[in-house]
Amino acid sequence: MKKITQIICIFLTVASMSAQQEKGIMGYNNWLNNWTEFKPNKVDYGEANQILAGNISVNTKLMKRNIYVLQGNVYVTNNAVLTIEPGTLIIGDFETKGTLVVTKGAQIIADGLETDPIVFTSNRSLKKAGDWGGVVILGDAPINKFGNVGSYNLDLDPTLTTYGGDNVAGNSGILRFVRIEFAGKKVKGMESFNGLTVAGVGNKTILENVMVSYSGGDSFAFFGGDLNATKLVSYKSINDDFKFTQGVQCRLYNSLAVRSSYLSSNKDGSRCLEVKTYEKKNETDFTKKTTLVVASNITMLNDSENIKADIQSGLVKEAIYIAETASLEMKRSVISGFNPAVLLDSKTEINDASLKKIKFEEMYFNLCNGNIFTEYNSNNEDLESWYGNSVFFNVYSQSDNKETFIDIFNPKKPDFRLQLGKITASSGNR
């Protein structure tokens, strides 16, 4: 098909630098202010004066006046509720690889404030990704494994790490204004933990304003369940920023992923979004739902001084990977600085039925080495023709990040929103 390139200007409906925008993360004010921390290794968190260890089997409250050290694997069991006051600090122990597991039926109420977030971090003086385990929340919502039951054990107790069920409206609690830093321990002979693992969690659970920084595994991993999530921030993880699998039904809104070329794992390909229906095909019940992610106003960017050089060096991979049978519907989002922007599983047939399950509308593709490809296939003309159709309103540009985003390199108050009214780009096929 003949390629048509039309030069247009993005004229947003507002003129003020602090006003609302249409693509990528949005808000009349910079919602990253106050509760986030983009240099957590520079923060002196103080010394712990309380120990968290073993099982929490009765309702328990952690107080802001204390600093807690998380020793070993700590389980919230017996349908107990763990409540954490705003401003509370929990430090994952490096020696014992502290991990917090909220078991099925239990709840965590970590409801921080914008000016007083709850922080999980490392107890090392020189903090690094993978210093401790992470936070694991297990629920009773549907997954697509046989028997509707999964187990997230790694080196955890297998009797306390089952998840899945029939309760779509399950409530595992609240995570709001929470930071998780330097988690993602590596388990010998197995995978790494994630900053936040959410498995079989139902849609009454609240996930808002959660930041995961420098995770040794994925920042956010969703295994089955049905949930809504908004204002999630993944900052410079080793593996994926957002991983979706086991038939999860997820609505993700107004969220941010910032990658670094020099921190990513290239073994499996570290992505902003990895969307899969299953981990192991022989354990999957295909009569159940396949994975569906509906995402809007997401900003995904590679923070690099020289993205083109990093791409040529093989340090940069795709921003989004979509495996066979999985569905992704993405709107009004930004992908900047990847190689390419989107990669489809080689088993995905390029036809109307498949492409209707993989939607990209009103997107802003910037500084990417190609836009949408099928794995192992360098000819993407059919895909470019499809997604380049003017009906989708997708936009393509090759602008430097410093020109594209507001104040991206200000360490105190970073703002990863598009510059307003300044961007000249091309729309349509490329």
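Me: Where does Ser215 lie, and how do you know?

Reply: Ser215 lies in the loop between β17 and β18 (220-223). Strands here are DSSP runs of E with at least two residues, and helices are runs of H or I with at least four, both numbered from the N terminus. This is a predicted model, in which local features need pLDDT of at least 70 and side-chain atom pairs count only at pLDDT 80 or more, while totals for chains, interfaces and linings use all residues. Residues are numbered from 1 along each chain as its sequence is written, and side-chain values use heavy atoms, leaving out hydrogens and water.

Me: Is Ser215 called buried or exposed, and why?

Reply: Buried means under 20% relative accessible area, exposed over 50%, and partly exposed in between (1.4 Å probe, protein chains only). Ser215 has 0%, so it counts as buried.

Me: What makes up the surroundings of Ser215?

Reply: A contact means heavy atoms within 4.5 Å. Leaving aside neighbours within four places in sequence, Ser215 is in contact with Ala129, Ala183, Gly184, Asn194, Gly195, Lys236, Ser237, Ile238 and Asn239.

Me: Which backbone atoms lie by a polar atom of the Ser215 side chain, and what makes these polar contacts?

Reply: The backbone nitrogen of Gly195 lies 3.3 Å from such an atom, and the backbone oxygen of Asp218 lies 2.9 Å from one. A polar contact is a pair of N or O atoms within 3.5 Å; within protein, one must be able to donate a hydrogen and the other to accept it, and residues adjacent in sequence count only if both atoms are side-chain atoms.

Me: And Gly200: buried or exposed, and how do you know?

Reply: Gly200 sits in the loop between β16 and β17 (206-213). Its relative accessibility is 0%, so Gly200 is also counted as buried. Beyond four places in sequence, Gly200 touches residues including Gly139, Asp140, Tyr163 and Phe223.

Me: What makes β12 and β16 a pair?

Reply: Two strands pair if DSSP finds at least two bridges between them. Four bridges join β12 (residues 134-138) to β16 (residues 196-199), and the two run parallel. Within this pairing, Val135 stands opposite Leu196 in β16.

Me: Which strands form the sheet, and why are β3 and β30 said to be at its edges?

Reply: The open sheet has 11 strands in the order β3-β6-β9-β12-β16-β18-β20-β22-β24-β27-β30, with parallel pairing. β3 (55-56) and β30 (372-374) each have a single partner strand, so one side of each has no neighbour in the sheet.

Me: What makes a nonpolar core, and how many residues has the largest?

Reply: A nonpolar core is a set of buried Ala, Val, Leu, Ile, Met, Phe, Trp, Tyr and Cys residues joined through side-chain atoms within 4.5 Å. The largest has 96 residues, and Leu196, Ile320, Ile335 and Phe360 have the most contacts inside it. A second, separate core of 14 residues includes Val101, Leu154, Leu156 and Phe223.

Me: How confident is the predictor, and where does pLDDT stay under 50?

Reply: pLDDT is the predictor's confidence in each residue, from 0 to 100. The protein has a mean of 89, and 91% of its residues reach 70 or more. Over residues 1-19, pLDDT stays under 50.
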